Each structure stands twice: as C-alpha cells, then as structure tokens.
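Dear colleague, please find below my note on the structure you sent.

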Amino acid sequence: MQVVLAVEMSTHPFKSFLFDGILGLSLDGLALNDQFSVVDVLMGERKVERPHFGVFLTEGEDGEDNEIAMGGHNPERVLEPLTWAPVVMADMGYWLVRIVAVRINGQELDVCKDGTCHGVVDTGTSHLGVPAPYDAEVADLLTTPAGQLKDCRLAESPAIEIEVEGYNLTLHSFNYMRRLPLREGVTVGSKQGVYIPSNETNATLEHRSSADAVPEANVTGNGSRSVGVNASENVTGDATSNASSNGTAEEDEVRRYCRPRLMPVRLPAPLGPKLFILGEPVLHRYYTVFDWGQQRVAFGLANNRRNTMSAEELAALRKDGGMLPKEVDMLLMQTTTERGRRASPKL
C-alpha cells in the first residue's frame, strides 16, 4: 500500500510521542485514494475475508495490551452481543453516528433534544469531545471534590449516558475522569479545543469552557476564606502561606477537584455544530467493530479488568484512595519554602 513518509521531523512535539506513525482507518472520504486505505488494500489483495476491524483499547494497566483485529473481530474481547449503529454522512469519511440523547445522572441534557447531535468514533482522541458551549455545563456536572483520593478515576461521580441508535454508551468515573486531582484555580487543556473558524463557532469562544479552572471558592460555611491558585502556579498543589495580622505564617486551605477529560468541539455544519468526539473514554469501556462494507459501527462492553471488577474490589480501591502514577512521585515530593517555613506537600 501507499504511505506518507517524513525525512525530517522537529524535536517538538515528535520527540515526546510514543508511536512511530498513524494507521489511518477512516472511510474513503478521508483517504488520498484507495491505495492509501488499509482496508481497501487488504480487501483488494484478498488478505481478509470481511471488511471489518475490531478495536480493543486499554490504558496499559493490569497487564492488558491494545489490539486491532483485521478482517473481523475478536469475540474473546467482548462481554456481550454487539449492537450496530449506522454511519451517517459516510461520504465525509468519518465513522459518524447519530446521538439520540445525552444524560448525566439520569437527567437528559438540552444539547441533543433538537435531534441534530452526532458523534465521531475516533481511536486517536484521548478525550471526550463535547460541542461548545455545552462542554462547560457537562464539566460542571461531573466535577467533584477529590477529598483524599490520589486517583480520581475512583471518584464516586455521576454516570454519563450517550445514547446512539439502539444502544446506550454509559461511562463512569473510571472512564472519563482525569487521573490526577487538580487544585482550585488550575486550568488544563485548550479553551479553543477542536476548532474551525466560522461565524457560528467564533461566537462560542466567548463562553465558559470545560478547559477553564474550577471557580475559586468564596467564604466557606465556617466563615474562613479559601484562597484559589492562579493557573501559572505549580499543579502539584504545594501548600502556600500568607501572613496573618500578627505577622506569623498561616497555611491556607487547599481545595482539590476531580475533573473530567473533556475538550470543547467547535465545528461548523455539516459536521457541527453539535458534534461529539467519542474518543478513549468511550473506547476504553467498549469494544468497537467497524464495518467498512455496510458502513456501520458496533459497540459491546469490553472484556477488560475494569469492566469485570467486583463491587467489593472497587470499594477496597476507593477506601485506599488509589496510587499516583510513577512519573509524578518525584514531583510530589518537592516542597515549597515561603517566609522561612517549609510547607507540607499537598497534591
């Protein structure tokens, strides 16, 4: 098959990538021609019997590997019968399905009540894309205080239901939460998100975004004031100190939050404006099968450790609070010194 090669690459961002290339599995509308399409070439050379491929994605934990099955799917990777949803506007090249409704904690949101919502099933997106400006509302509904949790995927937070034709995609904190708790006032992600300029999409840039910081707290119930953190400060959450009226240092309360892995999507018609991107938060929970011939996508609960964990095991993990990723252990051991006093490290 035909491929595109690079003879030179800049250090940024390619040095940080853990992959060597991109395997394009979109429909014909996004391929340069059929010689650049993996599925077209495999079918043309009679290397596979059916124009299907199945995708099993994990977070690389619990000894589980990722897998793509070409020419069909691996039934050992799925816990239930597959349910198919038709692809719409297939000529555009995307694995695009119609979204009937979106619910959080059982309550339907207004975003899809007009029947114009769609979702792109995308193995190359690490977040759940939500059309702006609705992404801010979804983020608010899913953000929860972290308490003593080190792993926010263990948070007790609302479920998201994304209803496609014939099937409900239900996501829990294990699927959609950022792993690390974030201090109040810290921003993450891109406020612009997935964006194509147009009169319609430009207007949404003025609205709040899921990438905005959790609003800084005002006076709490006991009358004390909690001081937030500017976006430029250390996201490890090291405690800061202020001088009290008698000149001594006083440690401020540090609030930490669990926040969802969302990004705003700002695309004009015909894909937008109400386009969701069903990335890794969906694909980590559901085994997906893509049917090139009949242009449809199937979903089934993936046979992975997270989906087969018992309630008792999950309760034990929550009680323990989880573990921090190895790569941030040293970062969290750092402390800050202010006014000659060493503050205790906090996330």
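1. A cavity, as the word is used here, is a set of grid points where a 1.4 Å probe fits but cannot get out. Its volume is the space filled by probe spheres set on those points. The model under discussion is a predicted one.

2. Concerning the overall fold, the protein contains nine helices and 21 strands. It has 347 residues, of which 44% count as buried. Among contacts with a separation of 6 or more, 71% join residues 24 or more positions apart. The accessible surface is about 18,500 Å², and 50% of this area belongs to carbon and sulfur atoms.

3. How many cavities of 30 Å³ or more does the structure hold? There are two.

4. The lining of the largest cavity includes Glu59, Asp62, Phe174, His284 and Arg305. Helix H4 (173–176) and helix H7 (305–308) each supply at least two of its lining residues. By class, this lining has one nonpolar, five polar and six charged residues.

5. The second largest cavity is lined by Val102, Leu128, Val130, Val138, Ile160, Ile162 and Phe276. Strand S7 (128–131) and strand S9 (160–164) are the elements that give two or more residues to this lining. Its residues comprise seven nonpolar, no polar and no charged ones.

Key. Residues are numbered from 1 along each chain as its sequence is written. This is a predicted model: local features need pLDDT of at least 70, side-chain atom pairs count only at pLDDT 80 or more; totals for chains, interfaces and linings use all residues. Side-chain values use heavy atoms; hydrogens and water are left out. Helices (H or I, at least four residues) and strands (E, at least two) are DSSP runs, numbered from the N terminus. Buried means under 20% relative accessible area, exposed over 50%, partly exposed in between (1.4 Å probe, protein chains only). Contact means heavy atoms within 4.5 Å. Accessible areas come from the Shrake-Rupley method with a 1.4 Å probe; for residues, only the protein chains shown count as cover. On a 1 Å grid over the protein atoms alone, a cavity is a set of points where a 1.4 Å probe fits but cannot get out, and a pocket is an open set with protein on both sides within 12 Å along at least five of seven lines; lining residues have an atom within 4 Å of a point. Ala, Val, Leu, Ile, Met, Phe, Trp, Tyr, Cys and Pro count as nonpolar, Asp, Glu, Lys and Arg as charged, and the others, Gly among them, as polar.
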